[in-house]
Amino acid sequence: MRASRLADGGAPVVVKALHKAGAFRFGDRASDIAYLELLYLEFLRGEPGVPELLGGWATATSVVWVVRDAGRAVAAGTGSSRSPAVFAAAYDARARADPLGLAAAWLRCFRSFAERGGFVLTDFKADQFTLDARGDVYLVDGPAPNSGPVAAF
């Protein structure tokens, strides 16, 4: 995952990629994870808490996709006993200034992927979420489909 900017105006973006020794193929764990993330981004396009997918491409050895920058990680660390979550200053400030607004942002994010999308986040970690300048929370590590149209697909 790398931060970058669009050439046509400098909007911040994040470039994510799956680099492999061979071609992208179904049944390969890494390929499947990338595919599911792309399904998450496209199926829930425009929903609160879902980064905007701007495009992507494939080469013989990689799949690359670009999303609009969704802010900074809410915390460093995973939240486990070996890697405790240390919340970012911006997140801490938002929690102190508008705790109900922040709680509502979390609920909007979870409603999008879990309730509307039917996705389940099985490896919940604090560093998978970001907070943008407006105070919106985003899930930036696509979850797996569990129910609904994407799971059926």
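In what order do the three strands of the open sheet stand, and is their pairing parallel or antiparallel?

1. The open sheet has the strand order β5-β9-β10, and its pairing is antiparallel. Strands β5 (72–73) and β10 (137–139) each have a single partner strand and stand at the edges, so one side of each is left without a neighbour in the sheet.

2. Three bridges join β9 (residues 129–131) to β10 in the antiparallel sense. Within this pairing, T130 lies opposite Y138 of β10.

3. Helix α3 (residues 99–116) packs on the sheet, where it touches β9 and β10. The direction of α3 makes about 30° with that of β10.

4. Helix α3 also meets helix α2 (residues 89–97): their axes come within 5 Å and cross at roughly 115°. On the α2 side the contact involves Y91, R94, A95, R96 and A97, and on the α3 side P99, G101, L102 and W106.

5. As to confidence, the average pLDDT of the chain is 88, and 96% of the residues score at least 70. Among the elements of the chain, β10 has the highest mean pLDDT (97), whereas strand β1 (residues 2–5) has the lowest (79). Where pLDDT is low, predicted coordinates should not be read in detail.

Methods:
Residues numbered from 1 in each chain as written. Predicted model: local features only at pLDDT ≥ 70, side-chain atom pairs only at ≥ 80, totals over all residues. Heavy atoms only, no water. Pairing = 2+ DSSP bridges. Helix = DSSP H or I, 4+ residues; strand = E, 2+ residues; numbered from the N terminus. Contact = heavy atoms within 4.5 Å. Axes fitted to C-alpha atoms, helices over the stretch in contact; angles between N-to-C directions. pLDDT = per-residue confidence, 0-100.
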